[in-house]
Each structure stands twice: as C-alpha cells, then as structure tokens.
Amino acid sequence: MLIKIKIIKKFAVVAFTALLLPGIGNAAGMNLTVCGASPGGLWSLLGAGLDATLKAASPGSTVTYQTSSGGYANIKQVKEKKCELGIIHVGEGVIARKGLAPFTSPEKNFRVLSVLYDWAPMQWLITKEFSEKYGLSSLEDLAKKKPPVRLLLNRRGILPSQLGEAALKSLGISIKDIESWGGKVEFQASKNAAKIMSNRRADMLSNSIFVNHRSIRAIAKAVPITLLNVPDNVIRDISKQFGQKPWTIKSDSYPWLDRDINTFSSRAVLIANQGMSKQSAYQITKAMLGHSDKMRGVHKAMKGFTTKLMASMNELPYHSGAIKAYKEKGLK
C-alpha cells in the first residue's frame with residue numbers, strides 16, 4: 001500500500017510539471033505570437049521558421065505571425081504582452097534602452113532570445129554618372145565636394161533613415177547643407193525609392209538591405225550604379241551609437257562593383273518580455289538551437305544562420321532562460 005501511494009505521488013508531480021512547462025509532456029505544445037513587420041517580407045518568413053522550429057521540438061506548438069509597423073512597435077507590443085515574441089533591429093533596441101526618440105523614456109523590459117541575422121549592411125548606392133562627374137568614391141567626398149546630390153533616405157521614423165542621417169551628421173553634413181549645395185533629400189519607402197532611382201529622378205540612395213537584394217538588381221538594370229565607401233571613423237561612430245556591426249561588401253558581390261566597400265550592418269534579434277518565465281525562454285531558445293536548419297530553410301538569405309550567431313549579441317541583454325540554453329551548448 002505504501003509503495004502504491006509513493007507511485008501515485010510521483011505521477012502527480014510529473015503530471016503537474018508537464019502542465020507548467022510548455023512543450024514538455026504537453027500535447028498542446030506552445031502557443032505563441034511573434035510580432036514582425038509587413039506581410040510578405042523576410043520577417044514574415046522568420047515567423048514561419050519559428051513555427052516550424054517549435055513544431056519540430058514540440059509537436060502541437062504554434063507560432064502565429066502578427067504584422068506590425070516594425071521594431072519600435074514590437075518593443076511596445078512585447079512590453080504590453082500583446083505578443084510573446086517580437087523581431088527588432090539591434091539599433092532599435094539600443095535606442096529604446098536609451099529612451100531616445102521615438103521613445104519618451106528608457107524601455108528596458110525586453111530581453112533577447114536570439115540573433116536572427118547580422119548581414120543587412122547600409123548601402124550607399126550612387127549612379128556612376130554622378131559619382132564620376134563629381135569625383136565621389138567615399139561618403140566623406142560629399143563633405144569635400146558639396147555636390148548638388150538628390151539623395152533618397154528611407155521613410156522617417158524607422159532605423160534605416162535614422163542611420164542615414166546619423167552617418168551624414170558624423171561627417172558634419174545636415175539636410176540643410178545638402179539643400180544649400182543645390183541638392184535635395186527625400187524620405188521614401190524602399191519600394192518607391194527604388195523606382196525613383198531607376199527612373200533617374202535621384203542620384204543616390206541609402207538603405208540598410210541585404211547584398212544583392214532584388215531592388216538593387218532592378219536599379220542596376222535601369223541605370224549604371226556603384227557604391228560609396230564609408231569612412232572608418234563613421235563606422236566606429238555609428239557602431240557605438242546604434243550597436244551596428246562593421247561590414248565589408250566584397251567586390252564580387254555585384255557584377256558592377258570593382259572594389260571592396262566598407263560600411264556598417266544592421267542586425268535583427270528575437271526578443272521577449274523580461275517577465276517571460278525562464279523555462280519558456282529556455283524552451284524556445286533550445287528549440288532554435290536544436291533545429292537551426294528550420295530557420296536557414298525559410299529563404300536563401302538566411303543561409304548564414306548558425307547557433308554561434310544566435311548567441312553573439314553583446315549590446316542588448318539576453319533572457320536568463322536563453323543564457324541557460326546557450327551555456328548548455330557551450331556558447332556562453
């Protein structure tokens with residue numbers, strides 16, 4: 001009789017634990033929502049990759065992708081627990097923790113689970129005609145030559161346009177300066193900016209985007225282009241301010257590029273509320289570590305996703321549950 005009671009007690013503890021720990025002994029698995037950006041982009045594919053990852057680790061799990069206006073909104077959504085997970089750029093996280101615009105006070109209640117990619121370099125495209133006419137090969141040449149450049153930055157209020165303005169500011173260039181040279185600066189969404197550039201209604205375009213992205217290929221078909229180099233002091237300045245990563249675009253990245261280009265690159269990370277249980281954060285991170293192939297498989301742009309990359313963040317704090325998973329794999 002005593003033996004039966006012990007067995008029953010042991011079974012009860014196991015059953016209760018299974019209810020508490022998502023994805024462990026629970027047929028329903030984990031049911032999560034990840035806030036991304038617009039539908040149809042890479043971030044939506046990352047949501048699909050997370051869904052496949054969790055399903056592989058814990059059958060019955062579901063990750064639902066929710067569209068949003070981007071990383072800044074996702075920090076708020078995760079804070080308010082409208083999404084368990086969010087995708088943001090590292091620069092957006094750094095800005096949030098400092099309480100800089102668009103935030104009115106520091107936001108520090110989110111934690112990183114994984115780096116998703118770090119290969120979205122800032123590319124300063126310029127028409128060959130304009131670069132040759134004014135002798136422009138580096139971003140610092142703008143300050144020296146003061147050409148009447150028609151420059152396109154991404155739409156206001158998002159990180160790529162902030163990075164563009166900050167890089168110019170690092171060189172002592174303001175929008176008013178460019179206008180005083182006879183030039184013009186427009187803030188346009190990526191798709192529209194590519195059309196404007198292709199129609200020769202702009203001389204230069206700045207965007208944080210994957211190398212060989214289809215929009216760049218489209219521009220290159222319409223008008224001969226090249227890239228401007230970014231000075232080392234600007235790269236250091238922007239990396240320090242926004243947590244960017246120094247990056248080199250190799251000369252063989254494009255058929256029309258004849259030299260290596262130094263610049264800085266944006267990174268994307270998966271975040272959760274700091275209040276997420278350690279066990280849940282651990283389970284999600286462990287699933288990603290164990291099934292990283294699911295993330296690589298969503299698109300050829302994700303072929304560089306590795307477990308080492310996942311744990312490579314220094315600028316933003318990791319969730320304690322994620323740290324536990326990385327320590328088990330010898331990554332922290």
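Predicted model: local features only at pLDDT ≥ 70, side-chain atom pairs only at ≥ 80, totals over all residues.
## Nonpolar cores

The largest nonpolar core has 85 residues. Leu46, Leu116, Tyr117 and Trp124 have the most contacts inside it. Strand β4 supplies the largest share of this core, with 11 residues. In soluble globular proteins, nonpolar side chains tend to be buried together.

Setting aside neighbours within four places in sequence, Tyr117 is in contact with Leu42, Trp43, Leu46, His89 and Phe210, among others. Its list also includes Ser266, Arg267, Ala268, Met302 and Leu309.

## Helix α4

Helix α4 covers residues 90-98. Seven of its nine residues are buried, so the helix is largely enclosed by the rest of the structure. The buried residues are Val90, Gly91, Glu92, Gly93, Val94, Ile95 and Ala96.

These buried residues pack against helices α3 (71-79), α7 (159-170) and α11 (232-242). They also pack against strands β3 (85-89), β4 (110-127) and β10 (261-273). Gly99 follows α4, and its phi is positive, near 75 degrees.

## The second largest pocket

The second largest pocket holds about 170 Å³ of space. Helix α5 (residues 128-134) gives the most to its lining, with five residues. The lining includes Lys128, Glu129, Phe130, Lys133 and Tyr134. Thr127, Arg150, Arg200, Ala202, Asp203, Val223 and Pro224 also line the pocket.

By class, the lining has six charged, five nonpolar and one polar residue.

Notes:
Residues numbered from 1 in each chain as written. Heavy atoms only, no water. 1 Å grid on protein atoms, 1.4 Å probe; cavity = no way out; pocket = protein on both sides within 12 Å on 5 of 7 lines; lining within 4 Å. Points joined across faces, edges and corners; volume = space filled by probe spheres on them. Helix = DSSP H or I, 4+ residues; strand = E, 2+ residues; numbered from the N terminus. Nonpolar A, V, L, I, M, F, W, Y, C, P; charged D, E, K, R; others polar. Buried < 20%, exposed > 50% of the residue type's maximum accessible area, 1.4 Å probe, protein only. Contact = heavy atoms within 4.5 Å. Core = buried A, V, L, I, M, F, W, Y, C linked by side-chain atoms within 4.5 Å.
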